[in-house]
Amino acid sequence: MKLYNTLSKRKEEFVPLEARKVKMYVCGPTVYNFIHIGNARPMIVFDTVRRYFEYKGYEVNYVSNFTDVDDKIIKKAIEEGVSANEISQRYIAECKKDMAGMNIKPATTHPLATEEICGMVEMIHKLIEDGYAYEKSGTVYFRTRRFKEYGKLSHKNLDDLQSGGRSLLITGEDEKEDPLDFVLWKPKKEGEPSWESPWSDGRPGWHIECSVMSKKYLGEQIDIHAGGEDLVFPHHENEIAQSEAANGKEFSKYWMHNAFLNIDNRKMSKSLGNFFTVREISEKYDLQVLRFFMLSAHYRSPLNFSEELMEASKTGLERIINAVDNLKHLIGATKTVAMSAEEQKLLDATSVYVSDYEKAMEDDFNTADAIASIFELVKYVNTTVHVEQSKEFFQHLIALIVKLTDILGIIVDKAEELLAKDIEILIEERQLARKDKNFQRSDEIRDELLKQGIVLEDTREGVKWKKA
RNA sequence: GGCGCCAUAGCCAAGUGGUAAGGCAAAGGUCUGCAACACCUCUAUCACCAGUUCAAAUCUGGUUGGCGCCUCCA
């Protein structure tokens, strides 16, 4: 399996630290509002990475944090006149709802920054002891130039950064030894939540939390650290500096970063205000469609979001779901149970789609290509099956499609809802009307059912229905 | 100013040296009372220029256009 490592700027063969195990950490959202669809991209992408590893038999320890202490959370709390904790708890709960809708597996552990302050204080203390950090008026800074490899992830050198000019201007008035130093701990301001520390009552800087939580739940060394590409610098660069300075060993072997989701080819971000929340999208689409849409491009390519593209994704996803529905219908329609030798051969022929699929996934999780294999399988199924074949054959085909879509977190085999008795009666009546060529009545019934969200399809094998 | 990415059909999107996957849309057809589903048919020389090579979308150089990071941000 190959994956692109931001650290080396190339695809590398994945070799786990420990056989058959993957330790991965994905930077999670700051919870001060509903998550937007840009936040959803890494969640979907790395959940898919996790699912593929699990499919390959790895045991994945997947840790993803919630940043629940932050300026924006405090600001929101003040606006609403409630506690910061209330805000973060609320949006963690909402975020989990959205994640469930997108079929994102809960992480093995979802740590909260506010519950790990103790570990942060410890790590900061160690960094000061070793000369990697220093305190000025209650604020603790990381001494960036002391960490010789600073810049290795983002491939920047310190002098370039400094000559950039902007950082100098912005940080001109504080007490840093060097403009590139960053905050590990800062004193509270009036009314802010705070924790005790040897330096001041205050709260941790943003970067230290991930270093600490990763260490606590996964150990000093992990396999994969992931997040959005904007986190490469400074967040992940700083994490490396903190963790490697404190632990004295390589922090993460592989660094994976997803590209951005754009709207009208512009970056979507909270500060630009051009964003959609996942919740908004869920009012119009099944979030499965959003997930399918996100996986239709490679995770390292920018992806443009629009309603038109969502519609296309919806139709495409329906094509796969229809194939499965059709198979389920055939299972009910056929009388043959056991699979014939001929059918076994037809089934064996599907292995090419599975191997294409795996090949795509093993090449840095090329989900776009993997989806193409699924479509090819769907086409094969649609052109191969007919009602004289066996239940067993159809069941195998369903299982195959489900296997491949499930790795992508796409649900195609929705649990059958029971048809209400009166709906069944209506379908029966419509069939009689059609037999009598009373098409007015049959269309009436179809329209009526449509109003209730039931779509009827007349096929050679009888009437099929599905939810609209 | 520094660092970096991208440019493939109407749209989306794979493909990174051997002659263009897949999906959506559009068109024609089969099936069907109609519709829907499904199936069949059909649509590209890969931004531009120059070079390397028997061979380039794929490598090199340049041009144009778009974007990202360097500042909270997935």
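These legends go with a set of close-up views of one predicted model.

Because this is a prediction, local features need pLDDT of at least 70 and side-chain atom pairs count only at pLDDT 80 or more, while totals for chains, interfaces and linings use all residues. Residues are numbered from 1 along each chain as its sequence is written, chains are lettered from A and ligands numbered from 1 in the order in which they are written, and side-chain values use heavy atoms, with hydrogens and water left out.

**View 1. Chain A as a whole.**
Chain A has 17 helices and 15 strands; helices (H or I, at least four residues) and strands (E, at least two) are DSSP runs, numbered from the N terminus. Taken along the principal axes, its C-alpha atoms fill a box of roughly 90 × 50 × 35 Å. Of the 468 residues of chain A, 51% count as buried, where buried means under 20% relative accessible area, exposed over 50%, and partly exposed in between (1.4 Å probe, protein chains only). Look at contacts (heavy atoms within 4.5 Å) between residues at least 6 apart in sequence, and 75% of them join residues at least 24 apart.

Strand S7 (residues 182-187) runs antiparallel to S8, and 3 bridges join the two. Trp 185 stands opposite Pro 204 in S8.

H7 (residues 206-218) has 13 residues and reaches 19 Å from its first C-alpha to its last, close to the 18 Å expected; the expected span is 1.5 Å times one less than the number of residues. Its buried residues include His 207, Glu 209, Cys 210, Val 212 and Leu 218. After the helix comes Gly 219, with a positive phi near 105°.

**View 2. Helix H15 under its cover.**
H15 (residues 391-407) has 17 residues and reaches 25 Å from first C-alpha to last, close to the expected 24 Å. Among its buried residues are Phe 393, Phe 394, Leu 397, Leu 400 and Leu 404. What covers the buried residues of H15 includes helix H1 (37-55), helix H11 (307-333), helix H12 (341-348), helix H13 (351-362) and helix H14 (367-384). Gly 409 follows H15, and its phi is positive too, near 75°.

**View 3. Two nonpolar cores.**
A nonpolar core is a set of buried Ala, Val, Leu, Ile, Met, Phe, Trp, Tyr and Cys residues joined through side-chain atoms within 4.5 Å. The largest has 91 residues, of which Phe 53, Met 102, Ile 224, Leu 290 and Phe 365 touch the most other members. Setting aside neighbours within four places in sequence, Leu 290 is in contact with Ile 37, Met 102, Ile 281, Phe 305 and Met 310. Apart from this core lies another, of 40 residues, among them Met 120, Leu 158, Phe 182 and Val 212.

**View 4. Salt bridges.**
With a salt bridge taken as a side-chain nitrogen of Lys or Arg within 4 Å of a carboxyl oxygen of Asp or Glu, the count comes to 36. The side chains of Glu 244 and Lys 152 meet in one of them (2.9 Å, N to O). Glu 244 lies in helix H8 (residues 232-247) and Lys 152 in the loop between strand S6 (139-142) and helix H5 (158-163), so the pair ties together parts that are 92 residues apart in sequence. Glu 244 is buried, at 11% relative accessible area, whereas Lys 152 is partly exposed at 22%. Asp 130 and Lys 126 form another bridge (2.7 Å, N to O); Asp 130 is partly exposed at 28%, and Lys 126 is partly exposed at 34%. Elsewhere, Asp 47, Arg 51, Arg 291 and Asp 406 are linked in a network of salt bridges.

**View 5. Asn 326 in helix H11.**
Asn 326 is found in helix H11 and counts as buried, at 18% relative accessibility. Leaving aside its neighbours within four places in sequence, Asn 326 is in contact with Val 385 and Lys 464.

Terms used: Pairing = 2+ DSSP bridges.
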